[in-house]
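Thank you for making time this morning. Please have a look at the model on the screen before I go through some of its local features.

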Amino acid sequence: RTGDNSLFGVGDEVANGGTVIATVDLNKLPLDKLPLGDDPDNLPPPGKLPAAVHQVTVSQMEFDDQGNLTKVTVNDTASDQGCGRVLTGDEFKNAMLQGGQSNVLPPAKKP
């Protein structure tokens, strides 16, 4: 089913045991490799890249006592880290494409 691609929508689904495929802007995620080869001169200036729609599977979100998002664990096929990539709350919020839809798989039923 679809869900709300927002911090509250994704956070609520993850808190209730769901698996969420969230939509983010790949160009706003921190780079762990250069996408255009090894030459940093090939990269456009910061802020000059168009949005690159990309999906990540959100497996965990952590909040502090004041309700601020502090850490998000994702599975990201575009990252060298792949499964278990950890983003700060600010990195995830900055990259998230708000207002769209996410894909939600409900928690697995226990036998």
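Predicted model: local features only at pLDDT ≥ 70, side-chain atom pairs only at ≥ 80, totals over all residues.

Residues are numbered from 1 along each chain as its sequence is written, and side-chain values use heavy atoms, with hydrogens and water left out.

Helices here are DSSP runs of H or I with at least four residues, and strands are runs of E with at least two, numbered from the N terminus. In α1, residues 7-15, the buried residues are G9, V10, G11, E13 and V14, where buried means under 20% relative accessible area with a 1.4 Å probe, protein chains only. Their cover includes β1 (2-5), β2 (19-25), β3 (53-63) and β6 (100-105). Just after α1, G17 has a positive phi of about 90°.

S6 sits in the loop between β1 and α1, and S6 counts as buried because its relative accessibility is 10%. The side chain of S6 makes a polar contact of 2.6 Å with that of D4, a polar contact being a pair of N or O atoms within 3.5 Å, one able to donate a hydrogen and the other to accept it, with residues adjacent in sequence counting only if both atoms are side-chain atoms. A polar atom of the S6 side chain also lies 3.0 Å from the backbone nitrogen of G9.

Turning to the strands, β2 and β3 pair antiparallel over six bridges, pairing requiring at least two DSSP bridges, and V20 has V58 in β3 as its bridge partner. β3 is also joined to β4 (residues 69-75), antiparallel, by six bridges.

How values were computed
Buried < 20%, exposed > 50% of the residue type's maximum accessible area, 1.4 Å probe, protein only. Contact = heavy atoms within 4.5 Å.
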